[in-house]
Amino acid sequence: METGQQMAKDGDTEEEPLHLSGCSNESVFEEEPAEDAAKEKAEREAQKQLMATEELVYTEKNYLRLLQVCTSTIRSNLQALQLPNLDSMFLYTEEVIDVSGRLLSLLDQKQVTPRDPLFVETLCDAFLSLSTDIESAYKEYLANYSNVSALENVYKQKESLWTEIIKVIKSSAPEVNATSLTFFLVMPVQRIARYPLHFQTIMKHTDPGHPVYPLLENTAHTAIALNCRINEYKRFREVADKYKKTETLTIRDKMNRLNSHSIAKKTARLSQFIRHETGISPKIVDEEFDALEGFFYLLEDGIATLHDNVEIYLHHLQRFLSCRPEEFDLDMDGEKPAICYKEITTALRQWILPTYEKRMRLLVHKPLCGLRDLLVGPRNLIRKRLDKLLDYERIEEKPSLTYDDQEVANTYKTINTLLLNELPKFNGLALSLLWGMLGAFSSLHKDLAEDMEQLFQGFAQQLPHSSLEPKAFWEWAECSVLEGAERLERLCQDVEEQLNAPIVQPLSPGSQKRLKVLSDKHGSEKIYQLTGPVVGTRDLELSLNKGELVSVISEMDTRGDRRRWLVDAGGPRGYVPSSKLVHYQPVTMDMPPQLTATTTDRAEGFRRHSYTPDIRPRPSDMPRTQPVRTMSVTMPRLQAERWVVFPPPILLERLP
């Protein structure tokens, strides 16, 4: 009995665990499908993440390969066609290729594959480290891409040329079905926009709880922000390119551009400007921009002044090199100082100064011209900003803005932001270039002084006054230069007076008859001669030829104007300009050769040196000739003699 009871108890105890075991198997059967589904989903997501990662890497490698084919093979083959502006088609492609290659090299350095768990982290770190360089390379490329498209359209206008270009492209890259250059050159434009899509796809298939998810999210946001900044920069460049151009329009073109809209716009700007100047309405003051604008105009004025001075300097240097006094016969062949001077000036004009001029044009003048041309764009933008500011101030007073008003406001803000960001950089670069040119200018003068000093050292002992002390030598040199310059100035004045004097020539029989009539009627002291032709343009004005004789009746007109004299021309009476009249001096057959003696005496005085040469007789016994003919003969000799007064150029450099 007890055994049966015990067995019953044991049976009871055995049935209970069997019941519990059945319940647990049912729950396990329910959980296993859920775990399998989650595991399958995770595997699918991991597979999709792997595919997205592999796609990013594969497309980057293929993109880099096609760009290299375009810039190396296709470009080199197109150069044989001698296409105009071919290099501008490939601007900034080297920078894009470089940054793409660096991105792939960073992945290769880590020696990880897309199946490696650390690959996504490595990819994000590499992209973030190169984000600044990627932005710098792609923003310039995208800003220049519109010029690439425009240049390709120019090539397409010549059918035969475009056919040759297509042949070169297909033979250079037969593996791709490319029919234009933009097939390759548009790839960077498309590639930079796909980076955010790639990272967002990878992030979409990554578990938010994964440790790499925050880094992946940051990389995706960085790629999006990078594209936004590039688009903003491209928009700024388009606005700058639109308004910085200088158009040379004729009056007809300007008249054709006039319409009701442009007239209303310019009238509104003028009205707004007058309101500012009269104080009716306040104007927007931007102290930061005003400071940048003032510095720019100051820099522009300095560059323009330096450019003009350098051009004048090179012009005088050219004139100095074109005059070769050492080639003239100075009648001093046997004198040692003259021989030394001839050898020195020959070396200066044939080797030292031409080399100096060539370097001056290459290192100073050419960069200065380029810098001056670069100022045109910022100057036009600054002026356009003022026009847009007047428009912006006018529409700012409105309670609500239309679409056109909003576009005007956006244009002003874009130009203002662009100038605030770029003008300081431009001013700094222009100033550094200007300092570099001034430094090159000083270095060229230093090299010139050293070359000239080396040249003069070989002749120093052969020249007079070489034994003097430096102080005494420079005093003598200064006095000699000043005396020579003073004599030359007096000679130039005398020659100018003689050249401006009226031509004295015998009168014709008709003029002699008119002279007698006018002298008998008005007196010889009233006789004047015309120094040039006169054409009457008003009533009572005479038209007379040069050299005609008239008699002055009144030294003013009826209104008291002393610039018009009333004269008698031997019949008609009228007014002539007083500046065309001089007292008539009768011609004598035996005129003293004053000009010949004076100029020859001055020229002889110019040829005096510190030593005393043999005194030559003055040409007082020369046959007398007419002054004009004597002047034409003596002028070449005077021109040759006038250069003798200058000491060697090394003396001029050290004068204060």
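**Group meeting: a quick tour of the model**

Okay, starting with surface: the protein exposes about 41100 Å², and carbon and sulfur atoms supply 54% of that. Those areas come from Shrake-Rupley with a 1.4 Å probe, and for residues only the protein chains shown count as cover.

Before going on, a caveat: this is a predicted model, so local features need pLDDT of at least 70 and side-chain atom pairs count only at pLDDT 80 or more, while totals for chains, interfaces and linings use all residues. Residues are numbered from 1 along each chain as its sequence is written, and side-chain values use heavy atoms, with hydrogens and water left out.

Now the overall picture. We have 20 helices and 5 strands, taken as DSSP runs numbered from the N terminus (H or I, at least four residues, for helices; E, at least two, for strands). Of the 656 residues, 35% are buried, where buried is under 20% relative accessible area, exposed is over 50% and partly exposed is in between, with a 1.4 Å probe and protein chains only. If you take contacts (heavy atoms within 4.5 Å) with a separation of 6 or more, 74% are between residues 24 or more positions apart.

On to the hairpin. Strands β3 (residues 564-568) and β4 (residues 573-577) run antiparallel, joined by 5 bridges; pairing takes at least two bridges in DSSP. W565 has V576 in β4 as its bridge partner. There are 4 residues between the strands, and G570 takes a positive phi near 80°.

Last, cysteines. How many disulfides? The count is 0, using cysteine sulfur atoms within 2.5 Å as the rule. C124 counts as buried because its relative accessibility is 0%, and C369 is buried too, at 17%.
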